[in-house]
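Keep the coordinates open while you read.

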Amino acid sequence: MFTGIVSAAGRVKAVKRESRVGSRLPGLTLTIAAPYRGLKRGESIAVSGACLTVEKVVKGGFTVHVIGTTLDRTLIGDYAAGRRVNLERALKASDRLGGHIVQGHVDGVARVVAAADRDDARLLDLEVPREVREVTVPHGSITVDGVSLTVNALPASGAVQVSLIPYTRTHTTLGSAPVGDRDHVEGDVLGKYVKALCRTNS
C-alpha cells in the first residue's frame, strides 16, 4: 500500500523486452535510477503509480519486471531510457498517512485536456476513464502518475480538475505536464467500495 506522497523522482536507465518461460505475454525489465538506500529484493515500489516488485538491487537503483497485463493497463510499454518517473516505497505500518490510501493498481490512462496557472497553483483538467470518474467527488482524492491529489472540481462529464501546489510542481513529473500529456490514474479505493456495495444492494 502507498499514500501517493512521492519520495523521489527517478529516471529509467534501461528497458529490456523479454518473454518469460511459461508465459504467453511478453514483458519487459526496467532499470531505474533512484536515490534510495537499503532497498531489498521483493519490496514494492510505486513507479509513476504502478506497484512493481524490485527484482534486483543495482548500483544507484533497481530493476523491476513488468508483465503483459500491467503493460496492457499502463503506459510503461512506451517508456524509454531517460524518462523521469515518480517513485514511492511501500508504506510502513508506523508511517504517517500523508496522502490517501493508494493501492498502486492503475485503473487506466488520463489525458491532460487543459492547463492554467491561478495565483501560485497550476490547474490541470484531466479526461479520465469512466470507472474513475464514477468514484470521484469534489474535494475527494485521486492518484495521478503516483501523486495523491485533491479533486478541485468536476468541470465536465468525464473530466476531473486537480490543483498542483508549488511543491508538487517542483518535486514530481506533473509540474511540466503539457496539454495532451498522458498519465496513469487510480480512482479512490473508498469510492470503489461504495460503488460496489451500492450495486450489490440495488
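Predicted model: local features only at pLDDT ≥ 70, side-chain atom pairs only at ≥ 80, totals over all residues.

Val 151 has Val 162 as its bridge partner in β11.

What sits 6.3 Å from its C-alpha atom, 28 residues away along the chain? The C-alpha atom of Arg 130 does. Arg 130 belongs to helix α2, which covers residues 130-133. Is Arg 130 buried or exposed? Its relative accessible area is 66%, so Arg 130 counts as exposed, since the cut-off for that class is over 50%.

Now go to the other neighbour of β10. Strand β9, residues 141-144, pairs with β10, residues 147-153, in the antiparallel sense. Four bridges join β9 and β10. Ile 142 stands opposite Leu 149 of β10. The hairpin of β9 and β10 has two residues between the strands, and Asp 145 in the turn has a positive phi of about 50°. In a regular strand, side chains alternate between the two faces of the sheet.

Next, the interior. Nonpolar side chains tend to be buried together in soluble globular proteins. The largest nonpolar core here holds 23 residues. Leu 30, Ile 32, Ile 45, Phe 62, Val 66, Ile 76 and Leu 87 touch the most other members. Strands β1 (8-19), β2 (26-33), β3 (44-47), β4 (50-58), β5 (61-66) and β6 (84-89) each supply at least two residues of this core. Take Phe 62 as an example. Leaving aside residues up to four places away in sequence, Phe 62 touches Leu 30, Thr 31, Ile 32, Ala 34, Leu 39, Ile 45, Val 54, Lys 56, Val 57 and Leu 87. Another core, of 17 residues, lies apart from the largest one; its members include Val 6, Ala 110, Val 132 and Val 162.

A few side-chain checks remain. Arg 89 lies over the face of Tyr 36, 5.3 Å from the ring centre. The count of aromatic pairs is zero. How many disulfides are there? The count is zero. As for the cysteines, Cys 51 is partly exposed at 30% relative accessible area, and Cys 198 is partly exposed at 48%.

Conventions:
Residues numbered from 1 in each chain as written. Heavy atoms only, no water. Disulfide = S-S within 2.5 Å. Buried < 20%, exposed > 50% of the residue type's maximum accessible area, 1.4 Å probe, protein only. Phe/Tyr/Trp six-rings, centres within 6.5 Å; stacked < 30°, edge-to-face > 60°. Lys NZ or Arg CZ within 6 Å of the ring centre and 35° of its normal. Pairing = 2+ DSSP bridges. Core = buried A, V, L, I, M, F, W, Y, C linked by side-chain atoms within 4.5 Å. Contact = heavy atoms within 4.5 Å.
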